[in-house]
Structure formats: structure tokens, C-alpha cells
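I set out to record what can be read from the coordinates of this protein. The entries below follow the order in which I looked things up.

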Amino acid sequence: QQSEEDLVRTGSLSSMNGNGVHHPSPPPTVEDSVSQSNMEVPIPFDSNNSNTPNYHDIFVSQKKKEETFRNGMVKFNIKPSHGVKYLVQYGLLENKPESVAQFMRTAPSLTPTAVGEYLGGDKPFQIEVMHYYVDSISFQGMSFID
């Protein structure tokens, strides 16, 4: 079995993939989830012309952000609390229960086991996340079997 560092370095999610968390619509891409974060990518400007954006730097910055987000998902699948801490540390996730719940509902490639492990935690923050997560699910139109 690969270590956490190997999985993060290679970005491999192949051993982590499952059916994912049920989404009413197709799950968003990594790029969609990354773009929803509060971290704004600054637009660097070329030093020769202050009115022209340096698109290479923008591209490199965005790619690094996407890679960091993927690494956070791998960490989450291995140890959910470490994945959340990592994403918060890098500014890709707010340290708020509603933000963590939204991340778990929308981020691609999170395993149901890892999501369940985090939601089933006994720490007060995890319990708050669980409440936001459940509240975000629409049960309208569903029938319950007796």
C-alpha cells in the first residue's frame, strides 16, 4: 500500500476512488471546486508593461492551486481531519463548518468512507459540519419506507 506522501506526490486517487458522495447532478470538476474557494488568485503584471497581465504567472499560480487542492483531497481520503487542516492551511477552505460541509458535498473524488468518518467524529466542530451537511440535503419528494 502506498504511503500518504507517495499518493500526494503522484496525485494518485486510483486506490481512493469509489462511487463518491451522491450528487443530484454530476459532480463538479476539480477546477469547479477550486474556483469556489475564497482564495483569489492575484493577477500578476508584466514588469515591462504594468497594464498587461502576465498570463504565464497566472497559469502557473492556478495550476499550483489545483495541485494543492488535489493533494488535499488525497489527504482527506487517507485521514479526513488532516485533509481539512491542509486545505484550511493553504487557504483553499474556510475553517467554518458550513464551508467544510459544502466541500464534502461538492469536491470530486472524496470517498464515502472518508466523508462518513469525518461526519461521524465526536469533536464539536465535526458535529457542526455534520448538521450543515445533512441540512444541505433535500429530502423533498422522497418517500420513507416503514
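This is a predicted model: local features need pLDDT of at least 70, side-chain atom pairs count only at pLDDT 80 or more; totals for chains, interfaces and linings use all residues.

**Notebook: helices and their packing**

I next asked which residues of helix 7 are buried. They are Gln126, Val129 and Tyr133. Viewed down the axis of helix 7, these buried residues fall within an arc of 55°, so they line one face of the helix. I noted the general rule beside this entry: an α-helix has 3.6 residues a turn, so residues three or four places apart point the same way.

I then looked up what the buried residues of helix 7 pack against, and found helix 5 (97–106) and helix 6 (112–119).

I checked the length of helix 7 as well. The helix covers residues 124–135, which is 12 residues, and at 1.5 Å a residue it should span 16 Å. Its end C-alpha atoms lie 17 Å apart, which agrees.

**Helix 3 and helix 4**

I turned to helix 3 (residues 55–78) and helix 4 (residues 80–89), whose axes come within 5 Å and cross at roughly 160°. Angles over 145 degrees count as roughly antiparallel, and the two helices are therefore roughly antiparallel to each other.

I listed the residues that make this contact. Helix 3 contributes Thr68, Phe69, Asn71, Gly72, Lys75, Phe76 and Ile78. From helix 4 come Pro80, Gly83, Val84, Tyr86 and Leu87. By residue class, I recorded seven nonpolar, four polar and one charged in the contact of helix 3 with helix 4.

**The loop between helix 5 and helix 6**

Where does Ser109 sit? I located Ser109 in the loop between helix 5 and helix 6. Its phi is near 75°, a positive value in a residue other than glycine. I also looked up the accessibility of Ser109: the relative accessible area is 29%, and the residue is partly exposed. Partly exposed is the range between the cut-offs of 20% for buried and 50% for exposed.

**The whole chain**

I counted seven helices and zero strands in its secondary structure, and along the sequence the pattern reads α-α-α-α-α-α-α. The protein has 146 residues, of which 34% count as buried. Among contacts between residues at least 6 apart in sequence, I noted that 62% join residues at least 24 apart.

Conventions. Residues are numbered from 1 along each chain as its sequence is written. Side-chain values use heavy atoms; hydrogens and water are left out. Helices (H or I, at least four residues) and strands (E, at least two) are DSSP runs, numbered from the N terminus. The expected span of a helix is 1.5 Å times one less than its number of residues. Buried means under 20% relative accessible area, exposed over 50%, partly exposed in between (1.4 Å probe, protein chains only). The arc is that of the directions from the helix axis to the C-beta atoms. Contact means heavy atoms within 4.5 Å. Axes are lines fitted to C-alpha atoms, for helices over the stretch in contact, and angles run from 0 to 180 degrees between N-to-C directions. Angles under 35 degrees count as roughly parallel, over 145 as roughly antiparallel, 65 to 115 as roughly perpendicular and the rest as oblique. Ala, Val, Leu, Ile, Met, Phe, Trp, Tyr, Cys and Pro count as nonpolar, Asp, Glu, Lys and Arg as charged, and the others, Gly among them, as polar.
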